[in-house]
Amino acid sequence: MTPTVGFDLDMTLIDSRPGIKATYQAFSAQVGVPIDADLAVSRLGPPLEHELANWFPAVEIAERVVQYRALYPTYAIEPSLALPGARDAIQAVREAGGRAIVVTAKNEPHAKLHLSHLGIDPDAVIGGLWAEGKAEALREYGAGVYVGDHTGDVRGAATAGALSVAVATGPCDENELRGAGADVVLADLTEFRAWWEAYRG
């Protein structure tokens with residue numbers, strides 16, 4: 001059976017904070033509403049709608065999402081970088097004859113833009129899924145492992161019956177990730193290959 005490993009995107013495979021910060025700054029200037037871009041990027045993970053709810057009334061969220069996303073390719077892609085070990089983690093799964101998929105709350109076209117720009121080529125990219133909702137894609141692709149940086153990713157893995165591997169590269173520290181039920185906690189993806197090879201036996 002081909003092993004399938006799912007990976008989150010933001011703050012797991014890529015450091016999108018510089019790009020998202022630039023997008024929020026441009027968006028704030030365009031719509032004339034002050035947004036603390038540093039605060040916004042300190043809590044990446046949940047869907048865009050969750051963050052925008054901190055700055056806009058509920059009735060405006062759908063419109064604001066469209067406006068923000070229109071700016072995203074211009075401001076967010078170029079400054080965002082692959083996190084250490086990201087490419088090697090994907091390669092380690094492939095070397096074991098496995099498939100690597102990306103399951104993210106980010107909208108799918110933008111997730112694909114990031115990955116293409118950085119030369120990261122997973123077997124599938126599924127966007128628009130958050131926390132327990134990620135189980136939908138993890139089950140569909142038969143993922144036995146899900147790697148993420150947020151307690152929501154831990155919940156998604158558990159809901160799918162997958163092993164939760166957490167990396168402490170995002171807004172949640174090691175204690176939070178363990179407290180949420182992560183099966184494995186790594187400092188970052190540079191530790192993934194050694195863990196994966198031991199796990200695979």
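Student: At what angle do helix H1 and helix H4 pack?
Tutor: This is a predicted model, where local features need pLDDT of at least 70, side-chain atom pairs count only at pLDDT 80 or more, and totals for chains, interfaces and linings use all residues. Residues are numbered from 1 along each chain as its sequence is written, and side-chain values use heavy atoms, without hydrogens and water. H1 (residues 17-31) and H4 (residues 61-75) have axes 9 Å apart. Their packing angle is about 130°.

Student: Is H1 parallel or oblique to H4?
Tutor: Under 35 degrees counts as roughly parallel, over 145 as roughly antiparallel, 65 to 115 as roughly perpendicular, and the rest as oblique. The angle here is about 130°, which makes H1 oblique to H4.

Student: How many residues of the contact of H1 with H4 are nonpolar?
Tutor: Contact means heavy atoms within 4.5 Å. Residues including Ile20, Tyr24 and Phe27 in H1 meet residues including Tyr68, Leu71 and Tyr72 in H4. Four are polar and one is charged; the nonpolar ones number 10.

Student: Why are the buried residues of H5 on the same side?
Tutor: In H5 (residues 86-95), Ala86, Ala89, Ile90, Ala92 and Val93 are buried (under 20% relative accessible area, 1.4 Å probe, protein chains only). They sit on the same side of H5 because they cover an arc, taken from the directions from the helix axis to the C-beta atoms, of only 155°.

Student: Which glycine follows H8?
Tutor: H8 (residues 151-160) is mostly covered, with seven of its 10 residues buried. Val154 and Ala157 are among them. The residue after H8 has a positive phi, near 75°: glycine 161.

Terms used. Buried < 20%, exposed > 50% of the residue type's maximum accessible area, 1.4 Å probe, protein only. Helix = DSSP H or I, 4+ residues; strand = E, 2+ residues; numbered from the N terminus. Axes fitted to C-alpha atoms, helices over the stretch in contact; angles between N-to-C directions. Nonpolar A, V, L, I, M, F, W, Y, C, P; charged D, E, K, R; others polar.
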